[in-house]
Amino acid sequence: MQDNDAFVREVHDKGLAYDLPTMTRRRMLTAAGGALALAGGSMITGTAGPAAAACAAEVDSETAGPYPADGSNGPNVRVLSGIVRSDIRPSFGTSTTVAPGVPLQFSLTVLNAACAPTAGAAIYAWHCDRAGRYSLYTSGVTNQNYLRGIQVTNSSGTVTFTSIFPGCYAGRWPHIHFEVYASLAAATSGSGPIRKTSQIALPEAVSRTVYSSATGYAQSVTNLSRITLARDMVFGDDLAATQMAAVSGSVSSGYVASLTITV
């Protein structure tokens with residue numbers, strides 16, 4: 001995708017002045033004392049969650065990229081009727097186009113600093129289609145808003161989206177973007193605030209299987225062969241230590257991905 005390729009080249013060329021405000025804050029967060037608890041809104045914390053080791057490290061903060069559609073760079077899909085949904089494959093509103101691709105159901109579980117599930121938080125998730133295009137931004141899909149949605153975490157701190165396996169565009173490892181908000185009201189308003197911006201990394205073996213076996217992912221085979229996790233501009237500094245999803249399934253039956261994060 002030329003649009004996405006151009007952004008990747010632009011990011012690499014802008015240097016430290018651009019990287020500091022937009023790329024990972026993980027080292028600053030670590031120095032500041034570790035995990036931050038969500039505050040405000042209608043946030044409710046549940047009972048004790050998994051072992052402390054599973055939530056010791058706060059999920060890394062990352063850039064939202066150039067195509068968030070959260071009002072920070074062009075359109076704001078968060079304020080539109082229809083954005084709160086679990087199945088993000090179709091566009092909504094004036095278009096009902098469904099993004100084609102290998103089925104992927106992905107879940108995100110949010111824990112607080114005490115390792116307890118965070119109920120009532122809102123997650124806005126978005127990712128590219130199988131051709132590496134982002135709805136609302138990339139040429140050919142600017143009139144679509146598919147592969148974007150908001151959900152509220154349940155009593156276990158979990159949201160689950162029904163989607164497709166995203167493609168791999170030039171210069172980036174396969175990934176899914178997300179933002180965490182304190183409440184649904186915060187997520188669907190124009191002001192937020194955003195409590196965490198990060199990305200989910202998808203495993204190499206699964207990605208290679210999807211791209212080499214499924215229709216519509218041909219360019220992703222080439223793009224993935226030219227990038228490694230270590231050279232990715234987002235995940236490269238620690239190999240997605242807090243962001244790598246666990247994925248199971250098959251091309252024929254679809255995949256299930258899950259990630260537990262501390263915010």
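Start with the sulfurs: this is a predicted model, and the disulfide count for it is 0. Select cysteine 128, which is in no disulfide; its nearest cysteine sulfur belongs to cysteine 168, 8.1 Å away.

Now for the charges. The whole structure holds 5 salt bridges, and we'll stop at some of them.

Select arginine 133 and aspartate 129. They form a salt bridge, with the closest N and O atoms 3.0 Å apart. Aspartate 129 is buried, with a relative accessible area of 2%, while arginine 133 is partly exposed at 24%.

Next, pick arginine 172 and aspartate 232, a salt bridge with its closest N and O atoms 2.8 Å apart. This one links distant parts of the chain, 60 residues apart: arginine 172 sits in the loop between β6 and β7, aspartate 232 in the loop between α6 and β9. Both residues are buried.

Last stop: helix α5, residues 204-213, where glutamate 204 and arginine 208 lie 4 residues apart, about one turn of the helix. Their side chains meet in a salt bridge, 2.8 Å from N to O. Arginine 208 is partly exposed at 35% relative accessible area, and glutamate 204 is partly exposed at 36%.

Note on methods. Residues numbered from 1 in each chain as written. Predicted model: local features only at pLDDT ≥ 70, side-chain atom pairs only at ≥ 80, totals over all residues. Heavy atoms only, no water. Disulfide = S-S within 2.5 Å. Salt bridge = Lys/Arg side-chain N within 4 Å of Asp/Glu carboxyl O. Buried < 20%, exposed > 50% of the residue type's maximum accessible area, 1.4 Å probe, protein only. Helix = DSSP H or I, 4+ residues; strand = E, 2+ residues; numbered from the N terminus.
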